[in-house]
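Student: I'm new to this one. Could you take me on a close look at a single part, and then show me what surrounds that part?

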Amino acid sequence: MADNETTKQDVEVVKGHHKELLGKIVSDKMDKTVVVQVTRRYKHPLFKKYISRRLKYKAHDETNQCHVGDDVVIQECRPISKQKRWRVKEITKKAL
């Protein structure tokens, strides 16, 4: 087998990798869709202070079991609609 050929096993490992993010649900008014806010903190390269950046993602919630305030893990998936490219993997903490 040549060096540049890949085996079937190598392709499956790369294909199965999906990003996962931890966030909080800020809206659940749509059917089977929730808006998840993900907060990332990083240190500024020059000033050495921590900066918080927030991004909102629309995620697919098949059973409508997520509610505002829940902490969830979302996983990258194939495009489900125009803006939905994430799926709710699990609810880590339910809101009160």
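Tutor: With a relative accessibility of 14%, His60 counts as buried (buried means under 20% relative accessible area, exposed over 50%, partly exposed in between, with a 1.4 Å probe and protein chains only). Before going on, a word on the model: it is predicted, so local features need pLDDT of at least 70, side-chain atom pairs count only at pLDDT 80 or more, and totals for chains, interfaces and linings use all residues. Residues are numbered from 1 along each chain as its sequence is written, and side-chain values use heavy atoms, with hydrogens and water left out.

Now back to His60, which sits in strand β3, residues 50-60. Helices (H or I, at least four residues) and strands (E, at least two) are DSSP runs, numbered from the N terminus. Setting aside neighbours within four places in sequence, His60 is in contact with Lys32, Ile80, Lys84, Trp86, Arg87 and Val88; contact means heavy atoms within 4.5 Å.

In general, nonpolar side chains tend to be buried together in soluble globular proteins.

How are the strands arranged? They form a closed barrel of 5 strands in the order β1-β2-β3-β5-β4, with mixed pairing, and the twist averages 45° from one strand to the next. Two strands pair if DSSP finds at least two bridges between them. Axes here are lines fitted to C-alpha atoms, for helices over the stretch in contact, and angles run from 0 to 180 degrees between N-to-C directions.

Lys32, another contact of His60, takes a positive phi near 60° in the hairpin of β1 and β2, which has 2 residues between the strands. β1 and β2 pair in the antiparallel sense over 4 bridges.
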